[in-house]
Amino acid sequence: MLRLSVLLLFVLPALVFGACPNGGYQWQTNCYYFQANGTDFPEAEANCISQGGHLASIHDSFTNALLTGHAVNIFQKQKDYWIGLSNLKTPKKLAWIDGTKLDFVDWDKNQPGNGTGIRCASVDLKTGLWRVESCFQQKPFVCAVVGSGSVSTMGPMTTTTRRNTNPTTTTGSGMTTPSGNKCTGNFTYYGPTNSCYGVFNMYDPDAKPWNASEAFCVGIGGHLASIHSQDEFNFIMSFNYPSNAQYFPWTGLFSADNEQTFQWTDGTPTDFLPWGPEEPVVDTNYNCVFAFTEGFATYDCSTPASTLCKIPLS
């Protein structure tokens with residue numbers, strides 16, 4: 001089936017591709033954008049969100065062959081690429097990150113297996129078959145944007161100041177709608193903010209620098225947590241963090257002017273800043289903020305730590 005579909009791709013190109021902005025390729029109602037620069041799955045999804053879409057979901061063998069056939073020409077010297085299938089939002093099962101129905105799969109032999117932990121799907125460029133593996137490997141990826149309207153040019157991820165424009169309240173998000181006021185999977189609900197909170201990547205090698213942690217949270221519909229009261233601080237510190245202080249969680253607080261002022265990545269006001277002893281440290285490398293038992297502390301943004309995500313339900 002893959003060979004037949006790839007053959008059709010070259011025989012009938014005018015029927016497959018239409019006009020999409022900025023070099024995208026149109027098939028049915030989507031414009032597809034092929035990003036050759038390798039990145040991990042959460043950052044790839046965050047990049048797709050910034051384009052107005054998601055990592056591509058695939059619902060039939062022809063689309064699978066079409067995307068793979070085109071990717072072969074773009075992702076040269078690569079072996080596979082990310083698609084939008086993972087268990088990031090639904091820890092006990094694989095689901096499309098755009099919330100669409102899982103109605104087609106094309107697994108390689110012995111896949112997806114019975115592995116535990118965070119898993120994401122990639123497509124083999126030689127066979128078109130799928131497999132799951134660690135979400136933090138570096139791979140090229142394909143974004144799908146509905147329709148052929150204006151789409152910005154694919155480029156590097158910049159998430160530090162972007163407001164959340166994609167609330168996680170739709171089917172397949174891994175949590176209920178705001179009317180249910182509950183969270184599922186790795187998330188815990190906190191009523192005063194009507195938000196879901198989850199801690200990820202608590203140990204090496206999964207612990208992530210601040211930018212990667214923010215990209216991870218954006219990729220699942222939120223941001224690194226903003227904190228606005230002592231009660232909310234007490235709540236986020238009630239999670240079972242490792243005893244090693246190195247793995248206390250990154251928050252969404254950062255400085256763009258060498259610790260002169262601070263802001264939250266979700267754009268909310270900086271109305272609560274419970275600094276720990278001798279904080280904030282005025283150092284040009286200490287522009288990101290983590291939470292620990294005594295309050296907030298600045299640290300080098302490149303240091304790996306836990307990821308504390310917050311997803312508002314309204």
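Tutor: Cys217 and Cys309 form a disulfide, with 2.1 Å between their sulfur atoms; a disulfide is a pair of cysteine sulfur atoms within 2.5 Å. This is a predicted model, in which local features need pLDDT of at least 70 and side-chain atom pairs count only at pLDDT 80 or more, while totals for chains, interfaces and linings use all residues. Residues are numbered from 1 along each chain as its sequence is written, and side-chain values use heavy atoms, leaving out hydrogens and water.

Student: Which handedness does the link of Cys217 and Cys309 have?

Tutor: The angle about the S-S bond decides. For Cys217 and Cys309 the value is -85°, and the link is left-handed.

Student: Why does the pair of Cys217 and Cys309 tie together parts that are apart in sequence, and how many residues apart are they?

Tutor: Helices (H or I, at least four residues) and strands (E, at least two) are DSSP runs, numbered from the N terminus. Cys217 lies in helix α5 (residues 210–219) and Cys309 in strand β16 (residues 306–312), so the parts tied together are apart in sequence by 92 residues.

Student: Is Cys309 buried or exposed?

Tutor: Buried means under 20% relative accessible area, exposed over 50%, and partly exposed in between (1.4 Å probe, protein chains only). The relative accessible area of Cys309 is 0%, so Cys309 is buried.

Student: How many disulfides are found in the whole structure?

Tutor: One of them joins Cys48 to Cys143, S to S 2.0 Å. Another is formed by Cys120 and Cys135, with sulfur atoms 2.0 Å apart. Searching the whole structure, the number of disulfides is four.
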